[in-house]
Amino acid sequence: MKRFVWLAILVACLPQAVLAQGTVKGKVIDSETKEALSFVNIAVSPKGSREIAGGVATDLDGGFVVEGLKFGSYTLTVSFVGYKTTTREFSVSRANPTAQLRSIQLSEDAQALKEVEITGIRSQMKFEIDKKVFNVDQAIAAAGGSASELLENIPSVEVDNEGTVSLRGSESVTVWINGKAQGLNSDNQGSILEQIPAESIERIEVITNPSAKYSPEGTVGIINIVLKRDRKAGYYGSLQIGSGIIQSGDDFDWGGGRVGANINYSSGILDAYAQVNDRSHRNIGYNNSYRENLDDSGNALSYLDQTGRNRSTGNNLFGRAGLTWHPTENDDISFSFMGMKGGRNSQNSIDYISRYGTRDNEGSLIYDRDRITTGGDDSHMLNLQAGYKHLWSTDHFLDLTVSRGQWQSDNHNVYDQTTRFPDRTVTSYQDQNSLIRNNSWEAQADYENKLTEKSKIEAGYKGNFNRENTPMTTYSDAARTQEIYSLYNRFIYNTTNHAFYGTYSDKLWQKLGYQIGFRGEWYQVNAHSEWKDAAGNLVEGEPLTKNIFHLFPSVFLSYELPNNNELQLNYTNRVRRPWGGMLNDFKNITDSTNISFGNPDLNPEYSQSFELNYMKTWENHVLSVSTYLRHSDDIMQRISYLDNGIIYSTSVNVAASNAAGMEIVSKNRLWSALDLTSTVNLFYYQQDGFRYTYTNRETGQQYDVTGNPTSSFSWNMRMIASVKLPQSWSGQLTGMYRSGRANAQGYSQAGYGVDLGIRKQFADNKWSIAINARDLLDSRSWRNKTWGEGFYMESLGRRGGRRIMATLTFNFGNMKAKKKDRGEGEGEGGEGDNDNDSNIGGGFDDGGFGGD
């Protein structure tokens with residue numbers, strides 16, 4: 001009974017205690033133009049003290065609200081790059097708990113405008129309630145590189161030897177460009193990201209537990225790549241040219257080059273931008289493996305030693321353009337285009353040697369083999385988008401977009417193989433041609449209304465309509481007259497997805513923010529595969545049809561603690577759906593001893609995710625700690641089995657898994673010249689054991705694949721150090737380390753890498769030169785151990801090597817200091833999302849590090 005009484009007293013007193021807090025409100029505008037200034041830093045300190053009692057960044061309408069102030073007298077400091085810092089004094093008391101400062105006018109600082117672009121280092125990271133934003137437009141270490149190389153420098157993100165992107169140790173992540181898929185999927189993701197120049201990217205948003213407003217695709221979250229699109233008055237642009245070398249092991253080669261140009265124009269009624277970039281690249285790769293074939297007792301019967309080497313060259317053209325017309329103050333009409341066109345030629349040579357026994361105790365020769373793969377591909381991507389946005393106010397709008405996407409790739413590979421047995425020599429020749437034709441439409445409507453100062457509703461619809469056709473034909477002669485019917489495949493894959501969402505957010509007791517949301521998706525799949533029998537007759541497989549409706553709820557809670565501390569708790573339901581390449585059962589025969597193919601029987605993998613986040617800010621430091629727990633059912637697992645001396649690999653739904661981890665991110669500004677961003681990601685993974693029987697479609701033979709229960713602890717860390725140097729020099733050093741990790745059929749070993757970049761600006765910031773060295777220690781590689789019934793295998797893969805690039809940039813046009821983009825974002829369908837996130841407690845920009 002006493003406990004109940006004390007609980008009742010606590011509940012009765014808690015609202016009064018929380019409400020006994022002061023608040024200051026206001027708006028920041030430009031003193032000349034009277035326009036609202038967004039992302040301005042607001043810091044509140046007790047009068048006569050430098051201690052920070054509260055702080056925020058202004059919203060898109062220039063407004064700010066700082067809550068949770070103890071009653072007393074304060075000094076409010078307003079600072080923004082290119083403007084003179086100003087202060088205001090105010091007091092809050094029980095009689096007057098809210099101080100209204102109305103409009104605060106900032107005047108431009110002429111000297112700062114001249115110096116800011118020369119000596120300033122833009123803050124690398126911005127924390128928001130539902131995501132972390134990494135500003136990469138000044139990433140020196142990525143100059144002259146691609147989007148894939150830039151992603152390797154983002155905390156908790158990894159890119160493997162095949163260009164596959166993973167987040168927090170999982171490949172189940174969705175990658176967007178400007179808030180949309182833009183045709184990216186598991187099949188072409190690595191190819192497209194390799195073609196996007198790093199210099200065209202403004203920021204990368206990592207959304208680890210998105211709300212119901214966002215697509216639930218990707219069980220570990222979303223990576224949104226936001227391309228540059230500034231809006232400062234007048235016209236301006238830049239020209240770039242770059243070149244470099246590549247070195248891997250004892251091999252040196254020209255590493256490729258690039259030329260690019262961009263131009264922007266902005267006026268009261270029209271905004272426009274255009275960019276074109278032509279990039280040539282070369283790559284050197286290696287892959288080695290050692291496999292033992294085992295008897296039922298686990299003893300080695302024979303082994304296969306394999307050494308591979310790959311060289312590739314390519315050239316691609318990347319372009320984009322956009323136009324936004326403002327016919328009235330409340331209406332925007334926009335059109336945009338993005339396209340790529342490129343090709344690549346490669347040669348991959350693999351040497352095999354197979355003997356009885358083991359490598360340490362070898363017996364007689366079984367065979368040795370040379371296999372040379374010569375190939376090339378031509379691809380292009382096109383995305384067109386039209387949009388209309390109507391604003392009743394900054395916080396009340398309707399946004400409509402429709403887009404058309406196309407991805408096309410023509411691949412041609414020739415496999416020339418010679419196998420020498422002790423008593424004979426056998427040769428084979430295969431000429432394979434595969435086509436990918438992907439067409440899609442996307443329609444989206446987003447509505448947002450800020451009902452009161454604290455409450456907001458969001459609602460919308462998104463429809464995706466995707467059509468894919470991938471025929472593949474293989475011949476045994478150069479004249480292409482003798483078709484190998486067993487390797488013919490045509491996969492037709494059509495999907496439709498209708499999604500509706502709604503969210504409501506509000507605040508209780510000034511400190512507790514919440515958001516609840518629901519998203520319903522009706523997902524349809526219609527696909528079938530075609531192949532040929534031994535006589536060359538076309539055989540059509542059973543149609544694959546799926547109609548799945550699923551509800552994806554989300555709950556977000558945020559509580560503001562005293563002294564710039566904040567707690568966030570959220571829950572979401574997410575899905576990982578198999579894409580066409582994972583369902584298409586064609587055989588990849590690049591390596592004749594390791595053949596991979598898709599599985600049309602794959603089902604979606606569903607996950608439930610919880611996150612608890614803590615944030616603390618100081619004047620020159622920010623600390624963020626995130627703990628997460630994720631449970632997944634029917635996980636899609638890569639399995640391997642041995643058949644007649646060949647390893648076959650495919651994906652199947654096998655079991656359930658649990659993942660838990662902690663991500664610690666700190667940002668520190670030291671001595672006004674050094675900026676450190678450090679990330680440590682610790683995670684534990686547990687997967688149930690499984691026994692899966694795979695049936696070969698062609699032969700009907702069955703194979704039992706067993707996976708033991710698996711649990712592992714692993715971690716990775718990354719540090720980015722940016723430094724200002726005298727005479728307009730600046731530098732950036734990035735280091736990363738990933739520990740080993742286990743999976744159901746093996747183990748991946750640890751790895752590390754270092755990138756370095758320097759930049760010099762001169763001639764009043766009109767010219768700059770950047771030199772960067774990627775993989776400075778030539779250490780990036782992937783080492784794996786895999787085992788299963790009848791085999792044990794070790795493999796090593798390397799993609800690229802030490803690459804040194806130099807890039808020269810010339811800037812022209814209006815050279816005034818940039819003012820932050822005033823909200824050019826349309827959430828899931830726009831050029832980056834600033835205002836339309838599902839924020840329930842507001843975001844902050846590096847805890848008062850300064851504007852730009």
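Modeller: Here 4 strands make an open sheet, ordered S3-S2-S5-S6, with antiparallel pairing. The model is predicted: local features need pLDDT of at least 70, side-chain atom pairs count only at pLDDT 80 or more, and totals for chains, interfaces and linings use all residues. Residues are numbered from 1 along each chain as its sequence is written, and side-chain values use heavy atoms, with hydrogens and water left out.

Biologist: Why do strand S3 and strand S6 stand at the edges?

Modeller: Strand S3 (54-57) and strand S6 (86-92) each have a single partner strand, so one side of each has no neighbour in the sheet.

Biologist: How do you know that S2 and S3 pair?

Modeller: Pairing requires at least two bridges found by DSSP. Strand S2 (residues 41-46) and S3 have 4 bridges, in the antiparallel sense. Val44 faces Gly54 in S3.

Biologist: What joins strand S33 to strand S34?

Modeller: 8 bridges do, and the strands run antiparallel. Ile639 has Thr650 in S34 as its bridge partner. The hairpin of S33 and S34 has 2 residues between the strands, and Asn644 there takes a positive phi near 55°.

Biologist: Why is Arg630 said to have no salt bridge?

Modeller: A salt bridge needs a side-chain nitrogen of Lys or Arg within 4 Å of a carboxyl oxygen of Asp or Glu. For Arg630, the nearest side chain of opposite charge, Glu605, is 6.4 Å away, so no salt bridge is counted.

Biologist: What does Arg630 touch?

Modeller: Its contacts (heavy atoms within 4.5 Å) include Ser170, Thr219 and Asn658, not counting residues up to four places away in sequence.

Technical notes:
Buried < 20%, exposed > 50% of the residue type's maximum accessible area, 1.4 Å probe, protein only. Lys, Arg positive; Asp, Glu negative; His and termini not counted.
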